[in-house]
Amino acid sequence: MSDFKFYPHYVVWETTFACNMRCVHCGTSAGKRRPDELTTQESLSLIDELADLGCAHMVLSGGEPLLREDWRELTKRSKQRGIGTYMITNAFAMTPKIVDDMLAAGMDKIGISFDGTEKTHNYIRQRDDSYAQVINAFKWCKERNLKFQAVSQISNINIGELDQMREILNDNGTVDWRIQMTTTTGRMRGLSDMVLSLPNYAKLIDKCIEFRKLDGVKIDPGENIGYFGCKGTELIDGGIYLGCYAGTRVAGIESNGNIKGCLSMQEEFVEGNIRDSSFTEIWNRPDAFAYNRQFTRETAGGPCRECHYLALCRGGCTTTSFAQTGERANNPYCIHRMELEQGIQAPPDEPYIAEILARFESPEPVETDSSPRSTPDIPS
Ligand code: SF4
Ligand code: SF4
């Protein structure tokens with residue numbers, strides 16, 4: 001990674017910690033606003049700084065970003081600065097007027113959290129009327145031509161409902177479905193038996209592969225599922241997974257100005273606060289984001305350290321690996337690792353993958369201009 005150009009191409013921003021829900025799977029235990037959240041002026045200056053650094057995509061997240069009163073202003077500034085601007089919302093505060101305001105502010109697309117059939121979604125969200133509101137939000141977005149995506153966190157609670165969830169989305173005209181795995185972070189730290197068991201993780205991969213072959217809602221696998229081997233490669237249609245971009249092409253901002261490589265990462269990964277040093281200073285520190293920028297085979301652990309694909313994958317999702325093993329790259333939630341444990345060998349590398357692996361393993365510097373596979377997984 002040391003020969004890679006680092007810039008915050010994709011930023012996920014917890015604009016507020018306030019939330020109107022108390023979801024059992026919340027990756028950050030959001031609830032009450034932090035007492036020291038960035039002001040509007042600080043936030044607008046930060047957007048300008050990110051634009052100057054080359055930010056191309058910004059996700060306004062939370063907590064619940066609609067509870068931040070200046071979300072329209074932040075969206076407008078981000079768009080004025082040429083940044084693709086998105087929001088991830090639980091939809092509880094949405095109304096037709098909010099959809100109109102999003103369009104007027106220039107919002108490119110929103111993600112709407114959707115976590116199961118009515119009973120399950122309402123249980124996870126801890127509000128009896130939350131499912132009905134999600135269905136309303138799908139309808140309002142569709143009627144007004146605001147692009148949207150359903151975003152689902154999959155755990156042992158809802159893994160058995162994937163077929164029904166797909167039917168609901170098709171019935172409601174949803175064309176995009178991002179599927180992520182819930183990790184043992186935030187509120188789930190106390191509910192770790194609800195995080196997918198390894199057999200259920202394998203079922204999730206199978207379902208995603210099955211759904212991708214069907215007409216209807218299009219599946220967008222989250223960055224914390226898959227990785228090489230037979231099924232990992234099939235999951236992304238033979239494409240190439242280039243690992244975690246936290247702190248290299250992705251940045252996370254907490255509502256109090258703390259900076260991390262990715263918003264979903266644990267507090268151990270906070271690199272600094274923009275009230276002490278500017279984002280640019282934090283981003284450009286020679287020792288910043290060392291877990292990715294200075295990644296070597298020796299910094300990996302467990303089976304990842306010996307893995308054929310390590311130079312590309314770097315242990316997959318940092319948040320998931322660290323949550324499970326306390327190590328940056330020792331990730332049990334890898335379908336390739338699971339296949340090897342079952343004696344299933346990966347197919348021969350496509351020539352272009354073999355060539356890239358050989359280049360990465362060579363002592364000569366390697367230039368690459370790849371961008372993140374899609375989007376980092378987002379607390380929802
Ligand atoms: S075993 Fe580790 S390095 Fe290899 S593909 Fe899986 S997560 Fe990546
Ligand atoms: S979601 Fe996981 S893989 Fe993606 S940037 Fe964050 S830590 Fe890395």
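The legends below describe close-up views of a predicted model. Residues are numbered from 1 along each chain as its sequence is written, while chains are lettered from A and ligands numbered from 1 in the order in which they are written. In this predicted model, local features need pLDDT of at least 70 and side-chain atom pairs count only at pLDDT 80 or more, whereas totals for chains, interfaces and linings use all residues.

View 1. An open sheet of mixed pairing is formed by 10 strands in the order E7-E6-E5-E4-E3-E2-E1-E8-E9-E10, where helices (H or I, at least four residues) and strands (E, at least two) are DSSP runs numbered from the N terminus, and two strands pair if DSSP finds at least two bridges between them. Strand E7 (218-221) and strand E10 (272-273) are the edge strands, each pairing on one side only. Strand E6 (residues 176-181) runs parallel to E7 and is joined to it by four bridges, with Trp 177 opposite Ile 219 in E7.

**View 2. Strand E8 and its two partners.** Both faces of strand E8 (residues 250-253) are covered, since Val 250 and Gly 252 on one side and Ala 251 and Ile 253 on the other are all buried; a residue is buried if 20 or more other C-beta atoms lie within 10 Å of its own, exposed if 12 or fewer, and partly exposed in between, with C-beta atoms placed from the backbone. Strand E1 (residues 10-14) runs parallel to E8 through four bridges, and Tyr 10 stands opposite Val 250. Strand E9 (residues 258-260) is antiparallel to E8 and joined to it by two bridges, with Ile 253 opposite Ile 259. In the hairpin of E8 and E9, which has four residues between the strands, Gly 257 takes a positive phi near 95°.

View 3. Five bridges join E1 to E2 in parallel, and Glu 14 stands opposite Ser 61 in E2. Strand E2 (residues 57-61) is mostly covered, four of its five residues being buried. A cis peptide bond, with omega about 20°, joins Gly 62 and Gly 63, and Gly 63 is found in the loop between E2 and H2.

**View 4. The packing of H1 and H2.** Helix H1 (residues 40-52) and helix H2 (residues 71-80) pack at an angle of about 20° with their axes 9 Å apart, which makes H1 roughly parallel to H2. Here axes are lines fitted to C-alpha atoms, for helices over the stretch in contact, and angles run from 0 to 180 degrees between N-to-C directions; angles under 35 degrees count as roughly parallel, over 145 as roughly antiparallel, 65 to 115 as roughly perpendicular and the rest as oblique.

**View 5. Two residues with positive phi.** Most residues other than glycine have a negative phi. Gln 126, in the loop between helix H4 (118-125) and helix H5 (130-144), has a positive phi near 60° and is exposed, with 12 other C-beta atoms within 10 Å. Phe 289, in the loop between helix H9 (279-284) and helix H10 (290-293), has a positive phi near 50° but is buried, with 24 other C-beta atoms within 10 Å.
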